[in-house]
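Please keep the sequence and the structure in view while reading.

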Amino acid sequence: RHDNKVHESLPLESLNYKVIAKKIATKWNMTSPRAAFLLEQQFYKFNDYNSTTDFLHFHHIPKTGGTSISDLLNQTLSDFIRYSGNGEQRTAILPGSKRSGSFSESEFYQLIGGKSAESINPNIDLHYLASYGHTRLRPIHGPNRTKLSKFFQEYSEMVKSRHNKTIRLRSLGMLREPMDLRASNHAMAMCALNGKVYNHNFRRSKKGLGPICTPEEGLNISSLIDEYVSQSLKRCNIGGKGNHKPLDRKEKQVCNPENRGKDVLHYCRSPSHLLESSMYNYGMRSMMKGLMGRFYANQEIGSLNYISLENIMVEEEGKFVPELVEDYTLIDLGGLDPTIQYTKYDIQQFKSHMNHESWQERLVQSSSESPTDVHLAEPDFLWFGITERMKESSCLLFHTLRTKPVKEVPHERVVKCSPTSWWTEEHRREVRRREPADYAVWRTANAIFDVRVLRMIHDLKENLNGENTSRSAK
């Protein structure tokens with residue numbers, strides 16, 4: 001689905017940025033006439049991460065590999081950890097952060113000795129550098145502002161009061177190939193299929209048989225669902241009584257008297273059953289909507305009370321226009337404009353004053369001439385990763401944070417039988433047909449990613465050449 005050889009075939013030393021950007025835009029089937037121009041700007045974008053003032057929030061979209069990234073942040077940010085007065089090492093991660101769960105504000109206040117911002121010890125050193133969790137941060141302004149943003153307003157005021165320092169909130173994100181994302185959510189969050197497949201293969205191993213992961217090998221997900229329903233029905237009257245464990249969420253669904261005699265878990269039987277079911281519309285449509293908080297410029301950030309972005313765009317624009325999604329993703333996820341607000345965004349105005357010769361000057365100028373705009377800006381994207389490109393994502397994270405790479409990148413929740421094992425290319429084509437907005441974001445993100453990897457390799461080579469030159473001079 002992507003070709004890493006682009007890094008070898010497009011060396012920065014032999015081709016100009018404009019040519020490289022065009023090739024990458026073509027590789028990822030981008031349709032916007034502005035794609036190559038906006039991709040080119042990534043080459044001129046400088047890394048302005050400042051560990052002294054920047055506070056990072058990683059919004060972990062479930063089933064994207066975010067648990068591994070959370071662990072990686074915990075390890076890599078140790079380079080910036082300070083020590084307490086008694087020499088005890090402290091974590092750089094804000095209390096309340098969850099590797100795989102929602103951020104807990106109450107846990108933060110509890111761990112720092114209070115129940116609110118007003119009641120904690122005024123001498124506490126708030127040395128934290130980052131937070132993570134399934135909880136979305138954007139937007140931090142406007143009528144749709146998130147609950148988490150209100151917490152960070154309090155936290156920012158605490159930091160200002162204790163350390164006379166204004167922190168800058170910045171975003172980290174992760175995304176995944178759209179069908180693979182749905183396959184993982186279907187198998188784990190929606191139907192708990194991974195455990196059923198594991199138990200089935202465990203029973204096979206007791207018989208001296210090897211594991212099976214695909215329909216071609218004989219795996220029948222539908223029969224596993226039948227087995228689960230049969231066992232659940234036997235537990236309906238005993239669950240939670242005596243020594244019997246309580247009914248889980250799916251067992252309660254099966255045991256509901258209104259569902260007796262119905263195939264209530266039909267959508268779990270296979271990817272085809274899911275795609276044919278109305279359940280697909282609940283949690284499977286437009287799954288990238290939480291990444292930036294909107295798909296295209298003519299929306300307010302946080303207006304997420306819809307099922308399908310495509311239907312909304314047809315109502316507002318008359319038809320689905322992938323170019324609008326590509327353009328906005330290139331600018332927002334690409335971190336090209338640090339002054340983006342929650343209100344509708346003017347891409348034409350951005351393009352009219354954007355040129356690489358004055359990239360850094362433009363950022364400084366916009367900050368000094370438009371303090372109100374900067375004050376109302378949403379957290380920009382400092383970094384994002386792609387699940388299918390985890391090694392490159394990790395390297396880019398090290399490079400962005402200017403930290404030493406860890407010896408081994410964490411790999412959490414990787415199952416032997418991947419949920420994509422029982423999805424086919426026909427299923428992928430169907431998801432691609434239904435979810436053009438998610439695929440537009442994913443394709444565009446990969447294009448940005450290609451540029452950033454090329455730029456990182458170029459930067460590293462220059463640094464190495466500089467070190468070698470310095471050694472030679474000595």
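A residue counts as buried when its relative accessible area is under 20%, as exposed when that area is over 50%, and as partly exposed in between, with a 1.4 Å probe and protein chains only. By that rule Cys-213 is buried, at 14% relative accessibility.

The model is predicted: local features need pLDDT of at least 70, side-chain atom pairs count only at pLDDT 80 or more, and totals for chains, interfaces and linings use all residues. Residues are numbered from 1 along each chain as its sequence is written, and side-chain values use heavy atoms, with hydrogens and water left out.

**Overall make-up**

- The protein has 20 helices and four strands; these are DSSP runs numbered from the N terminus, with helices being H or I of at least four residues and strands being E of at least two.
- Buried residues make up 50% of the 474 residues of the protein.
- A contact means heavy atoms within 4.5 Å. Of the contacts in the protein with a separation of 6 or more, 73% are between residues 24 or more positions apart.

**Disulfides**

- A disulfide is a pair of cysteine sulfur atoms within 2.5 Å, and by this rule the count is three.
- Counting bonded cysteines along the chain, the pattern is 1-5, 2-6, 3-4.
- Cys-191 and Cys-268 form a disulfide with their sulfur atoms 2.0 Å apart. Cys-191 lies in the loop between helix 7 (178–190) and helix 8 (193–206) and Cys-268 in the loop between helix 10 (249–255) and helix 11 (271–276), so the pair ties together parts that are 77 residues apart in sequence. The link of Cys-191 and Cys-268 is left-handed, with -85 degrees about the S-S bond. Cys-191 is buried at 2%, and Cys-268 is buried at 1%.
- Cys-213 is joined to Cys-417 by a disulfide, S to S 1.9 Å. Cys-213 sits in the loop between helix 8 and helix 9 (221–235) and Cys-417 in the loop between helix 18 (390–401) and helix 19 (425–434), so this pair ties together parts that are 204 residues apart in sequence. The link of Cys-213 and Cys-417 is left-handed, at -60 degrees about the S-S bond. Cys-417 is buried, with 9% relative accessibility.
- Cys-236 and Cys-255 form a disulfide, with 2.0 Å between their sulfur atoms. Cys-236 is in the loop between helix 9 and helix 10 and Cys-255 is in helix 10, so the pair ties together parts that are 19 residues apart in sequence. The torsion about the S-S bond of Cys-236 and Cys-255 is about -90 degrees, so this disulfide is left-handed. Cys-236 is buried at 14%, and Cys-255 is buried at 9%.

**Another cysteine**

- Cys-395 is partly exposed, at 39% relative accessibility.

**Packing of helix 8 and helix 9**

- Helix 8 and helix 9 pack at an angle of about 95 degrees, with their axes 10 Å apart. Helix 8 is therefore roughly perpendicular to helix 9. Angles of 65 to 115 degrees count as roughly perpendicular, under 35 as roughly parallel, over 145 as roughly antiparallel and the rest as oblique.
- Axes are lines fitted to C-alpha atoms, for helices over the stretch in contact, and angles run from 0 to 180 degrees between N-to-C directions.
- Residues of helix 8 in this contact include Leu-193 and Val-197, and those of helix 9 include Ile-221 and Leu-224.

**Val-451 in helix 20**

- Val-451 lies in helix 20 (residues 436–473) and is buried at 0% relative accessibility.
- Leaving out residues up to four places away in sequence, Val-451 touches Ile-24, Leu-39, Gln-42 and Phe-43.
- Val-451 and Leu-39 are 412 residues apart in sequence but 7.4 Å apart in space, C-alpha to C-alpha.

**Backbone features**

- Most residues other than glycine have a negative phi, and most peptide bonds are trans.
- Arg-138 and Pro-139 are joined by a cis peptide bond, with omega about -10 degrees. Pro-139 is in the loop between strand 2 (130–133) and helix 6 (147–163).
- Asn-164 has a positive phi, near 50 degrees. Asn-164 is in the loop between helix 6 and strand 3 (168–175) and is exposed at 62%.
- Ala-192 has a positive phi, near 50 degrees. Ala-192 is in the loop between helix 7 and helix 8 and is partly exposed at 37%.
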